[in-house]
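Below is a briefing on one protein structure, arranged by topic. Please look at the sequence and the model before reading the points.

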Amino acid sequence: KDFAFIGPGSNLTGGVVVEEGAELGAGVTVIPGKRIGAWSVVGAGAVVIEDIPPYSVAVGVPARVIKKTF
């Protein structure tokens, strides 16, 4: 999508959807079929095993939403 950023070393497995403006830090892994919501941020090294809602900040292993930005 437009304005999305996927950091170096990230792994997006089958069927992952990265919506407009989403940012994935370096080394993020996303398991199959997950959605990264619009204008969300996923911290470096996170492992996404659940959909990340729009306008969220998620970090960790597994990735957890720690903040809503809107």
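The notes that follow cover sheets, core, salt bridges and surface.

This is a predicted model, in which local features need pLDDT of at least 70, side-chain atom pairs count only at pLDDT 80 or more, and totals for chains, interfaces and linings use all residues. Residues are numbered from 1 along each chain as its sequence is written, and side-chain values use heavy atoms, with hydrogens and water left out. There is an open sheet of five strands with mixed pairing and an open sheet of three strands with parallel pairing.

**Five-strand sheet**

- The strand order is β1-β4-β7-β9-β10; strands (E, at least two residues) are DSSP runs numbered from the N terminus, and two of them pair if DSSP finds at least two bridges between them.
- At the edges are β1 (5-6) and β10 (64-68), each of which pairs on one side only.
- Two bridges link β1 to β4 (residues 23-24) in the parallel sense, and Ile6 has Leu24 as its bridge partner in β4.
- Strand β7 (residues 41-42) is parallel to β9, also through two bridges, with Val42 opposite Ala58.
- The pairing of β9 with β10 is antiparallel and has four bridges; Val59 stands opposite Arg64 there.

**Three-strand sheet**

- The order here is β2-β5-β8, with β2 (11-12) and β8 (47-48) as edge strands that each pair on one side only.
- β2 runs parallel to β5 (residues 29-30) and is joined to β5 by two bridges.
- Within that pair, Leu12 is opposite Val30.

**Core and contacts**

- The largest nonpolar core has 13 residues, of which Leu24, Val30, Ile36, Val42 and Val48 touch the most other members. A nonpolar core is a set of buried Ala, Val, Leu, Ile, Met, Phe, Trp, Tyr and Cys residues joined through side-chain atoms within 4.5 Å.
- Ile36 is in contact (heavy atoms within 4.5 Å) with residues including Val17, Ala22, Leu24, Val30, Val42, Val48 and Ile52, leaving aside neighbours within four places in sequence.
- Val57, in strand β9, has a relative accessible area of 18% and is therefore buried. Buried means under 20% relative accessible area, exposed over 50%, and partly exposed in between (1.4 Å probe, protein chains only).
- Among the residues that Val57 touches beyond four places in sequence are Val41, Val65 and Ile66.

**Salt bridges**

- The count is two salt bridges, each defined as a side-chain nitrogen of Lys or Arg within 4 Å of a carboxyl oxygen of Asp or Glu.
- Arg35 pairs with Glu19, and their closest N and O atoms are 2.8 Å apart. Arg35 lies in β6 (residues 35-36) and Glu19 in the loop between β3 (17-18) and β4, so the bridge ties together parts 16 residues apart in sequence.
- Arg35 is partly exposed at 38% relative accessibility, whereas Glu19 is buried at 19%.
- Glu50 and Arg64 form a salt bridge at 3.8 Å, N to O. Glu50 is in the loop between β8 and β9 and Arg64 is in β10, so this pair ties together parts 14 residues apart in sequence.
- Glu50 is partly exposed at 46% relative accessibility, and Arg64 is partly exposed at 43%.

**Surface patch**

- Phe3, Trp39, Tyr55 and Phe70 form a nonpolar surface patch with about 530 Å² of accessible area together. Accessible areas come from the Shrake-Rupley method with a 1.4 Å probe, and for residues only the protein chains shown count as cover.
- Patches are made of residues with over 30% relative accessible area and no salt bridge, with like charges joined within 9 Å and nonpolar side chains (Val, Leu, Ile, Met, Phe, Trp, Tyr) within 5 Å.
- Tyr55 sits in the loop between β8 and β9 (56-59) and is partly exposed, with a relative accessible area of 33%.
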